[in-house]
Amino acid sequence: MGDGADSSAAIRVARLYDEAAVVARQYETGLREAEKQRARARRDERLLIRERRLGAALSKDPDLIARAQYHQSVAPPYVPQTLLPDTALKLMRSQHSLTGGDRAAANAVVGIHRVEDRLAADLAEASALSRRLQKRKAELADRRRILQAKLEEARQVLQRQADATAATGSCRGAVHLGRPRQRTHRAWGAPVESYRLSAPFGSGGGHWAHRHTGQDFAVPIGTPVRAVGAGKVVRVACGGAFGIEVVIQHPGGYFTQYAHLAAVTVDQGEPVATGQWIAQSGTTGNSTGPHLHFEVRVTPEWGSGIDPVPWLTARGVRL
């Protein structure tokens with residue numbers, strides 16, 4: 001897999017995969033921001049409607065606040081005190097007779113009009129920002145669709161090349177993607193970051209001669225496959241039921257296998273770190289669709305597998 005064509009396909013998938021992930025995150029962030037602005041605009045609109053109704057009521061009955069103050073000695077509950085200027089509130093609370101009612105009502109009306117103006121400005125600003133965010137969301141959605149189409153096309157090219165490599169049964173060396181090692185303080189991790197668990201360990205079916213010997217992770221072609229723990233690559237093989245595969249030996253006498261791959265990014269004998277990108281997923285070998293077949297073994301050979309889910313769980317990795 002080290003020739004120019006295979007490397008080019010693997011690198012293109014990796015680059016598009018990264019770009020699509022970035023755009024997806026931007027799109028989700030845009031959705032959240034747009035919803036916040038819509039909520040802000042709806043709130044400002046409700047407050048503005050309430051203030052206008054209150055202002056209209058006070059204009060028709062300027063003694064309304066004064067009468068309520070005379071009986072309650074506080075601002076009436078229908079006046080949103082937090083929205084009135086401090087000077088207006090102080091004046092309203094200081095009026096305890098009908099004599100000062102006109103001044104209190106006048107100041108309250110002025111305060112309410114000021115609040116109306118501020119709310120109208122806030123509503124216009126929130127609405128304008130909401131429209132800009134909606135436009136940005138639409139642009140990101142278009143870019144996301146274009147990238148997904150390109151990525152799907154590149155995945156198919158990569159898989160065809162992987163099938164050709166697996167058919168020969170001869171691996172051509174690692175594809176070096178130029179990706180830095182993933183920094184982690186954890187001793188163990190999951191083999192893929194985003195997945196759907198499919199065929200579990202020990203399950204039966206016509207697709208296997210015996211019980212299923214690993215745990216399948218349904219992921220698209222080209223998904224980064226990572227070493228679940230530090231160790232050494234003891235096998236890189238192509239062909240057979242597992243298609244393109246990698247086997248890593250870990251301290252403590254355990255081995256992990258990663259199979260049905262589309263490309264391998266490590267060489268046999270190479271040390272690997274936890275979370276290191278070691279391959280790209282695919283559907284080579286005896287596979288019905290894109291997924292990663294993952295095994296935990298007590299030897300490097302098939303037939304010595306144990307259930308990988310409780311094994312990972314015991315090491316702090318919950319799938």
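In this predicted model, valine 246 stands opposite tyrosine 258 of strand E6. Strand E6 spans residues 254–264 and pairs with strand E5 in the antiparallel sense. The chain contains five helices and 10 strands, and buried residues account for 44% of its 319 residues. One disulfide and 10 salt bridges are present in the structure.

**Strand E5 and its neighbours**

- Strand E5 comprises residues 244–250, and six of its seven residues are buried, so the strand is mostly covered under the 20% limit on relative accessible area.
- On one side, E5 is joined by five bridges to strand E4, residues 231–237, and the two strands run antiparallel.
- Within this pairing, valine 233 has isoleucine 248 of E5 as its bridge partner.
- E4 and E5 form a hairpin with six residues between the strands, in which glycine 239 adopts a positive phi near 100°.
- E5 also pairs with E6, over six bridges and again in the antiparallel sense.
- The hairpin of E5 and E6 has three residues between its strands, and glycine 252 in the turn has a positive phi of about 100°.

**The disulfide**

- Which cysteines form the disulfide? Cysteine 171 and cysteine 238 are the partners, with their sulfur atoms 1.8 Å apart.
- The link of cysteine 171 and cysteine 238 is right-handed, with 115° about the S-S bond.
- Cysteine 171 belongs to the loop between helix H4 (101–168) and strand E1 (196–197), whereas cysteine 238 belongs to the loop between E4 and E5; the pair therefore ties together parts that are 67 residues apart in sequence.
- Cysteine 171 has a relative accessible area of 26% and is therefore partly exposed.
- Cysteine 238 is buried, because its relative accessible area is 8%, under the 20% limit.

**Glutamate 295**

- Glutamate 295 is located in strand E9, which covers residues 292–297.
- Is glutamate 295 buried or exposed? Its relative accessibility is 0%, so glutamate 295 counts as buried.
- The side chain of glutamate 295 makes a polar contact of 2.5 Å with the side chain of threonine 213.
- Glutamate 295 also forms a salt bridge with arginine 297, in which the closest N and O atoms are 2.8 Å apart.
- With residues up to four places away in sequence left out, the contacts of glutamate 295 are Thr213, Gly214, Phe242, Phe255, Thr256, Gln257 and Trp302.

**Arginine 15 and helix H1**

- Arginine 15 and glutamate 19 both lie in helix H1, residues 4–60, at a separation of four residues, about one turn of the helix.
- Their side chains meet in a salt bridge with an N to O distance of 2.8 Å.
- The relative accessible area of arginine 15 is 38%, so this residue is partly exposed.
- Glutamate 19 is partly exposed as well, because its relative accessible area is 28%.

**The salt-bridge network**

- Glu35, Arg38 and Arg42 are linked in a network of salt bridges.
- Arginine 42, at 38% relative accessibility, counts as partly exposed.
- Glutamate 35 likewise counts as partly exposed, at 35% relative accessibility.

**The chain as a whole**

- The accessible surface of the chain comes to about 16200 Å², and carbon and sulfur atoms contribute 53% of this area.
- Of the contacts in the chain between residues at least 6 apart in sequence, 71% join residues at least 24 apart.

Terms used. Residues numbered from 1 in each chain as written. Predicted model: local features only at pLDDT ≥ 70, side-chain atom pairs only at ≥ 80, totals over all residues. Heavy atoms only, no water. Buried < 20%, exposed > 50% of the residue type's maximum accessible area, 1.4 Å probe, protein only. Pairing = 2+ DSSP bridges. Polar contact = N/O pair within 3.5 Å; in protein donor to acceptor, adjacent residues only side chain to side chain. Contact = heavy atoms within 4.5 Å. Disulfide = S-S within 2.5 Å. Salt bridge = Lys/Arg side-chain N within 4 Å of Asp/Glu carboxyl O. Areas by Shrake-Rupley, 256 points an atom, 1.4 Å probe, with all protein chains shown as cover.
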